[in-house]
Amino acid sequence: MATTIRLLNDQSNRKVYNMVPILTLLLILLLALLWLGLNYRQLYIAWATGSETQRLATLAADAPDEFQNPALVEDRFAGRLSSDFWKFTTINGGGEVSNELTWHSAAITVNDALTIQHFPDPLFTSESSARAPRGPEQYNNVSLIGGSGFRPSKTKDVVLQFSARASEKFYGTGGVIFQPVGTLQKDGFFAKPFDMFGFSVVGPESSFRGVTGPLCYLALKSIPSQVKSLQVDAQSLHTYEIRLRWIERTKWLGTVKVDDEVQCQIDMPAFGPVEVHVWSDNALVLHEPRRWWEFGSAMDFKCQDGGEKQFSLGMIQIFEEAR
């Protein structure tokens with residue numbers, strides 16, 4: 001009998017012992033799934049920016065080194081928008097897009113300057129905050145697309161110069177950027193991933209990777225990947241320059257000057273032929289710092305009804321310049 005009991009105990013101990021590796025593996029898998037769930041936004045950011053960088057590199061690898069740029073084009077806003085510079089304008093509000101100069105709670109005015117104006121949105125609280133192809137109904141945005149078809153080469157830089165200022169009470173975001181040609185369509189839909197480099201003003205409620213106010217940044221698939229603060233009073237009129245320089249087939253150098261002083265330089269993927277995008281919106285971009293269980297920070301996008309604000313340009317021109 002004692003021998004039988006001893007054998008049964010040995011068999012039971014062996015079963016428990018054999019289960020230890022399986023339980024350990026299950027625990028590791030459970031912890032891995034928990035970590036993935038807690039870091040899903042960070043993982044998406046890493047995947048999106050990495051895959052977009054690779055996609056741009058693949059396109060750039062087949063592009064010729066030299067490129068024929070258009071002649072200089074400019075707009076000094078003499079009472080109207082220049083049809084030579086601008087391709088189209090859009091105003092996104094209430095979930096609908098208009099190509100008029102006034103729509104929903106925003107407007108474009110042109111006198112001796114271009115001014116994008118925002119007004120209180122009386123329907124804001126009843127509008128949907130759910131994401132849609134053109135953005136939530138609460139999203140109010142004005143975009144102007146122009147200066148199209150330029151690309152830096154081994155011998156030529158692309159230079160965008162403009163003067164700008166933001167109103168004293170400023171919320172949301174606004175700015176002037178380069179993006180690949182054909183990114184945004186006239187109907188407000190994005191035909192390509194929203195890749196951009198340039199200058200922006202960000203209201204105090206928002207933050208791009210922990211930076212607010214005037215800044216220089218590179219974003220891939222709408223996700224800011226590199227952000228640098230600009231030491232400038234955005235409420236005063238300043239002259240800005242955004243320069244794209246060819247470094248190699250797949251890499252450019254983006255530079256932002258303020259009043260002839262270099263304040264920002266960022267290595268960036270080659271975009272191919274670019275266009276200019278000027279905008280102002282009511283976005284509320286929330287930066288979420290990295291917590292101890294996360295491998296990176298995250299961001300969230302909402303909208304705000306901040307009332308009246310303006311973003312103005314005094315002039316804008318784009319041209320190629322020999323290196």
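This note covers a disulfide, a histidine and a surface patch.

1. The model is predicted: local features need pLDDT of at least 70, side-chain atom pairs count only at pLDDT 80 or more, and totals for chains, interfaces and linings use all residues. Residues are numbered from 1 along each chain as its sequence is written, and side-chain values use heavy atoms, leaving out hydrogens and water.

2. The structure holds 1 disulfide (a pair of cysteine sulfur atoms within 2.5 Å). Cysteine 216 is joined to cysteine 264, S to S 2.0 Å. Cysteine 216 sits in strand β11 (residues 213-220) and cysteine 264 in strand β15 (residues 261-269), so the pair ties together parts 48 residues apart in sequence. Strands (E, at least two residues) and helices (H or I, at least four) are DSSP runs, numbered from the N terminus. The link is left-handed, with -50° about the S-S bond.

3. Both cysteine 216 and cysteine 264 are buried (under 20% relative accessible area, 1.4 Å probe, protein chains only). Cysteine 303 is buried too, at 12% relative accessible area.

4. Histidine 238 belongs to strand β13 (residues 238-248). Histidine 238 is buried, at 15% relative accessible area. A polar atom of the histidine 238 side chain lies 3.1 Å from the backbone oxygen of aspartate 233. Beyond neighbours within four places in sequence, histidine 238 has contacts (heavy atoms within 4.5 Å) that include Phe162, Ser163 and Asp259.

5. Ile22, Leu23, Leu25, Leu26 and Leu29 make a nonpolar surface patch of about 480 Å². Patch residues have over 30% relative accessible area and no salt bridge; nonpolar side chains are joined within 5 Å, like charges within 9 Å. A salt bridge puts a side-chain nitrogen of Lys or Arg within 4 Å of a carboxyl oxygen of Asp or Glu. Leucine 25 lies in helix α1 (residues 2-38).

Technical notes. Accessible areas come from the Shrake-Rupley method with a 1.4 Å probe; for residues, only the protein chains shown count as cover. Buried means under 20% relative accessible area, exposed over 50%, partly exposed in between (1.4 Å probe, protein chains only). A polar contact is a pair of N or O atoms within 3.5 Å; within protein, one must be able to donate a hydrogen and the other to accept it, and residues adjacent in sequence count only if both atoms are side-chain atoms.
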